[in-house]
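Keep the viewer open as you read.

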Amino acid sequence: MTSPRRVAVANSAQTVFAYSSPGLQHIDLITAAAVEALKGTGIRIDDIDFVIDSGSDFLDGRSISNCGFLGAMGANRKEESRVEEDGLWSLSYAANKIAGGSAEVGLVIAYAKPSESDNRNFWTGLLEPFLQRPTGFDHLAAAGLSAQSYLARAGLEADVLRQVTHKNWHAAAANPEIEFDEVPSGREFWSESVATPLRRSDLAHPADGAVAVLLTTGHIADQISPRPIWLGGIGSAIDQHFFSARELDSLPAAAAAARTALDRAGSPLATDFDVVEVSASSTVGELMVLEALGLAEPYSAIELYREGAGLNINRSGGALPADVVMASGLARLHSAASQLRDGAREDQRTALVHGTGGFAMQNHCVVTLEAAA
């Protein structure tokens, strides 16, 4: 039996994430990301064997919306597939195609323009339609219930969550790929109660944007990049569909996805990674993700935000300041790969990447990366 081929992130790019982009259409965002991902690689659209994209018909406002974007993705007369989940799942699909020998070059694209949609309707539309949706239950109420349970078990007050917000928003303000340059200071942002005990500052803020990742076999990556970024382990898992059947103060599906990814990467410890990029829909959600990945003991992830903690978490700012809904996990991978490729430290060689999707963080995908020596 032939061993799977190694797969590399040859290059990646994202548009500037913005809370509103009225002058840009979906095709503008997609084209900009795809062109930038190819730039400097020597690979042309004609060289790409397949395109896999992540987007949402609900957010786009039309059925089979990807059919209208094939030209922007460079997918005309090519094999193209849509994964209606975060782009990290599309990357997993693409990596398996290349590793299995059916292709050598693939382009993964994820995008969303939530500024044109009612995001509450999008998330509520994922609920079971007969028993859950008619009650008025939504993603904000779910986040609040999880936060209440988590904070009670951890013995923490809601004010401590400001540390998570501060860290992520300060990192995002320094990130040129996000369209703002200062942390919000208004009372409404920090004090407005949205879903007790969560405030507006505790929740992910939807943003418009697109991300593109170019995947290739190892021998092609060696020709086009002085420091290829290798894909290591990939794992994914899904929790119960009914929110009432889930554990409110932990994320067992994220833990299962992490175990699979780490096992396939050779079983390193999560704390061994030089770069960590994770996605979450709330500050408490981010704490639970870090614990599920094995970066902190249960109910103690807040310690990672103390001064001097030392772990490189969400240098990009993460998903809380700018959540491109269908692309936040792929954006985390782009950021991690960029840090490994262009990082200031020569010993910065490995990254742990996490993406989440589904109602109230039901689905989780974890990917490990390693830069060539």
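This is a predicted model. Let's begin with a pair of side chains: Ser 21 and Asp 208 make a polar contact through their side chains, at 2.7 Å. Ser 21 sits in the loop that runs between β1 (7–14) and α1 (26–38). Its relative accessibility is 9%, so Ser 21 counts as buried, the cut-off being under 20%. Leaving aside residues up to four places away in sequence, Ser 21 touches Lys 113, Ser 115 and Asp 208.

Next, a pair of helices. Helix α4 (residues 87–99) packs against helix α12 (residues 328–342) at an angle of about 70°, and their axes are 5 Å apart. That angle makes α4 roughly perpendicular to α12. The residues that make the contact are set out here:

| Helix | Residues in the contact |
|---|---|
| α4 | Gly 87, Leu 88, Leu 91 |
| α12 | Gly 329, Leu 330, Leu 333 |

By type, the residues of this contact are 4 nonpolar and 2 polar, with no charged ones.

Finally, have a look at helix α10 (residues 252–264). The buried residues in α10 are Ala 253, Ala 254, Ala 255, Ala 257, Ala 258, Ala 261 and Leu 262. What do the buried residues of α10 pack against? Their partners are β8 (229–238), α11 (283–292), β10 (350–357) and β11 (363–371). After α10 comes Gly 266, with a positive phi near 100°.

How values were computed: Residues numbered from 1 in each chain as written. Predicted model: local features only at pLDDT ≥ 70, side-chain atom pairs only at ≥ 80, totals over all residues. Heavy atoms only, no water. Helix = DSSP H or I, 4+ residues; strand = E, 2+ residues; numbered from the N terminus. Buried < 20%, exposed > 50% of the residue type's maximum accessible area, 1.4 Å probe, protein only. Polar contact = N/O pair within 3.5 Å; in protein donor to acceptor, adjacent residues only side chain to side chain. Contact = heavy atoms within 4.5 Å. Axes fitted to C-alpha atoms, helices over the stretch in contact; angles between N-to-C directions. Parallel < 35°, antiparallel > 145°, perpendicular 65-115°, else oblique. Nonpolar A, V, L, I, M, F, W, Y, C, P; charged D, E, K, R; others polar.
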